[in-house]
Amino acid sequence: MRVQMLGLCRFSYLGDRGFQVMHETLEQRRAFLYDPERLARRWHWFENVTLPGLLAQTDPDFTLVLMTGPDLPEPWLSQLRELADIMPQARLALIPPMERHLDACMAAIAPHIEAGADVVGHFRQDDDDAVAIDYVHDARRDFTAMRPLWERRRRLSCDYSRGLVLKATEQGISVEPRVIYNAVAALTVYLPPDAQRSVMHFPHWKIGLSMPGVTLPAKPMFVRFLNHDNDSGAIGAGYPWEADPAGWGRLLARRFRIDLDTLERSARAFGLPGADRPRWGV
């Protein structure tokens with residue numbers, strides 16, 4: 001059975017909807033999203049939090065659609081183009097603002113849905129969160145066991161609910177181990193290829209209203225990263241799990257290929273006005 005794994009990553013996409021922080025006009029949103037210092041921070045977190053685990057997936061058979069606007073400023077647009085050229089799984093989708101955000105998301109991913117797949121495992125990848133290096137492998141393997149449940153309605157969610165919440169402050173990075181139900185990262189929605197829907201059509205905080213779901217909390221599978229530019233700082237419903245704080249660096253490196261020391265330096269620099277700030281990607 002062919003399970004296509006298809007992710008959507010919106011990088012500072014300029015649209016009328018899809019945000020919790022609202023603006024009165026599109027131009028106000030453009031000024032906010034395209035602020036050079038904000039984009040520098042976003043790219044830095046993208047490079048150092050999100051990309052390492054994706055590039056190290058033990059199962060490299062997945063597609064990641066990088067969605068942004070055609071007027072994304074330079075050098076960020078060129079860097080996304082370069083990433084799409086060198087990362088076999090990446091596809092760049094330049095989508096102008098549309099009246100309905102869900103239509104824009106479908107316009108981005110529809111060309112990349114495999115019509116011959118038996119099922120599509122949709123996932124949303126925020127540009128400052130991370131999934132573990134075996135996320136794609138497990139999401140594809142575990143569907144085999146869940147298939148009878150999926151066939152009842154031909155839609156199903158799988159929630160890998162154990163992870164880490166990282167928070168960037170002027171003092172560095174704090175780490176909190178959390179079980180979070182139906183967080184964005186490492187949540188998979190399995191749909192048939194002709195569904196004309198994606199993970200974006202089912203708000204993660206109330207996904208149980210739309211389909212049956214399975215929760216698999218055995219191992220850390222996501223990083224939720226709270227930083228200076230989050231659209232929402234909400235962590236989500238859940239509870240802590242016990243772990244040794246002395247091992248955060250090793251766990252992040254092993255499961256997500258994240259260098260905690262790099263994040264510590266960056267968080268302090270970004271948080272201090274007038275400091276020598278990281279300029280990766282500029």
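**Entry 1: the α2/α3 contact**

I looked up which residues of α2 meet α3 in this predicted model. From α2 I noted P36, L39, A40, W43, F46 and L51. Their counterparts in α3 are W76, Q79, L80 and L83. Sorted by class, this contact holds 9 nonpolar residues, 1 polar residue and no charged ones.

Next I checked the geometry. Two packed helices are described by the angle between their axes and the distance between the axes. Helix α2 covers residues 36-55, and α3 covers residues 76-86. Their axes come within 11 Å and cross at roughly 20°. Angles under 35 degrees count as roughly parallel, so α2 is roughly parallel to α3. I logged the crossing of α2 past α3 as left-handed.

**Entry 2: β2 to β3 by way of α3**

How do β2 and β3 pair, parallel or antiparallel? I found β2 (residues 63-68) and β3 (residues 90-94) parallel, over 5 bridges. The chain leaves β2, passes through α3 and reaches β3 in a right-handed β-α-β crossover. L64 has A90 in β3 as its bridge partner.

I then searched the loop between β2 and α3, where P75 sits. The peptide bond from E74 to P75 is cis, with omega near 5°. I flagged this bond because most peptide bonds are trans.

**Entry 3: the five-stranded sheet**

I traced an open sheet of 5 strands. The order is β5-β11-β7-β8-β12, with mixed pairing. Which strands sit at the edges? They are β5 (130-131) and β12 (238-240), and each pairs on one side only.

I followed β12 to its partner. Strand β8 (residues 172-180) pairs with β12 in the antiparallel sense, over 3 bridges. I180 stands opposite G238 of β12.

Which helix lies across β5, β7, β8 and β11? I found α6, residues 248-256. The helix runs at about 115° to β7 (162-169). I also noted the span of β11, 222-226.

**Entry 4: positive phi in loops**

Most residues other than glycine have a negative phi. I looked for exceptions and recorded two loop residues.

- N182 has phi near 55°, a positive value in a residue other than glycine. I placed N182 in the loop between β8 and β9 (187-191).
- Q196 also has a positive phi, near 55°. I placed Q196 in the loop between β9 and β10 (213-215).

How values were computed: Residues numbered from 1 in each chain as written. Predicted model: local features only at pLDDT ≥ 70, side-chain atom pairs only at ≥ 80, totals over all residues. Heavy atoms only, no water. Pairing = 2+ DSSP bridges. Helix = DSSP H or I, 4+ residues; strand = E, 2+ residues; numbered from the N terminus. Contact = heavy atoms within 4.5 Å. Axes fitted to C-alpha atoms, helices over the stretch in contact; angles between N-to-C directions. Right-handed = clockwise from strand over helix to strand, strands pointing away. Parallel < 35°, antiparallel > 145°, perpendicular 65-115°, else oblique. Left-handed = near helix turned anticlockwise from the far one by under 90°. Nonpolar A, V, L, I, M, F, W, Y, C, P; charged D, E, K, R; others polar.
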